[in-house]
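I opened this notebook to keep track of what I looked up. The entries follow the order in which I went through the rings and the strands.

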Amino acid sequence: MFLDRFYSIENERIIITARQASLFAKEVAEDFNPIHDVDARRFCVPGDLLFAIVLSRFGLSSSMTFKFQNLLGAEVPLEFRESADGTIEACDEAGKVYIEVSRSGEQTHDENAIEEFIRCYVSTSGKNFPHTLKPLMESHGVMFNPDRPMVMYQSMSLTLKQLDTSNPDLQLSNTKLEAAGKRGNVTLDYDLLSHGQPVGEVSKHIMLGGLREYCPQAMEQVIEEFYRLKAKGTGA
């Protein structure tokens, strides 16, 4: 499958190097969050890559919820466990859980359908900032710390009316930001389309850290840095 070059298997454990994780973030998700840079001080594997690995190994179900429990560093051996009720956990050798997945309903293991869905879903990460989050924060008069932007996935859920989601497309249908002190909880809702017809819904929950009063000048500097990193990452 197309994911094979983004991880390896050793002793029945999945290993993701910093380079593999960074390549996935930039090439597949178009996610240029500095936290996914190989040399980042607080480097972490993109949640989108764990999401993709779960789908590739366990299939796509008509109802799924993904909860990201902890940040995953590079080269941590992961075991993907499935319980009797279908719950999936990815944990390290000490039992620390990084992602928990609950699912129900019909399933498909069609590789082409799953790859299309993965590519469609993770591509929205590249649109989160600045396209979606910047106007959302501006409308609420808040923003993250411009010196250490923190934008972290908490969870996502999907509900499919049909598993045949060929030529999928996600269209943003609603956004919400709830600020509580220095923390902001963002909900992004999407309609899933297949050949232009609605076939399901997807919802993302994101945490923003270090909230402060919105500053247009500081935000412009963050956006400029984002596009500089993007140009560097794509070789433009």
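How many aromatic pairs does the count come to? I took rings of Phe, Tyr and Trp (its six-membered ring) as paired if their centres lie within 6.5 Å, with planes under 30 degrees apart called stacked, over 60 edge-to-face and the rest tilted. By this rule I got eight aromatic pairs.

Entry on the ground rules. I worked on a predicted model, where local features need pLDDT of at least 70 and side-chain atom pairs count only at pLDDT 80 or more, while totals for chains, interfaces and linings use all residues. Residues are numbered from 1 along each chain as its sequence is written, and side-chain values use heavy atoms, with hydrogens and water left out.

Entry on F68. I looked up F68 and Y153, which form a tilted pair, 6.2 Å centre to centre with 35° between the planes. This pair links distant parts of the chain: F68 lies in strand β3 (residues 60-68) and Y153 in strand β8 (residues 150-160), 85 residues apart. Helices (H or I, at least four residues) and strands (E, at least two) are DSSP runs, numbered from the N terminus. F68 counts as buried because its relative accessibility is 15%; buried means under 20% relative accessible area, exposed over 50% and partly exposed in between (1.4 Å probe, protein chains only).

Entry on F129. The ring centres of F129 and F226 are 5.7 Å apart and the planes stand at 85°, so I noted the pair as edge-to-face. F129 belongs to helix α4 (residues 125-140) and F226 to helix α5 (residues 216-234), 97 residues apart. I found both F129 and F226 buried. One aromatic cluster contains F129 and F226 together with F32, F144 and Y227.

Entry on charges over rings. My test was NZ of Lys or CZ of Arg within 6 Å of the ring centre and within 35 degrees of the ring normal. R119 has its charged end over the ring of F2, 4.2 Å from the centre. K204 has its charged end over the ring of Y121, 4.7 Å from the centre.

Entry on strands. I counted two strands as paired if DSSP finds at least two bridges between them. β8, the strand of Y153, pairs antiparallel with strand β11 (residues 197-209) over ten bridges. There, V151 has L208 in β11 as its bridge partner. Strand β10 (residues 183-194) also pairs antiparallel with β11, over eleven bridges, and D191 stands opposite E201 in β11. Two residues separate β10 and β11 in a hairpin, where H195 in the turn has a positive phi of about 55°.
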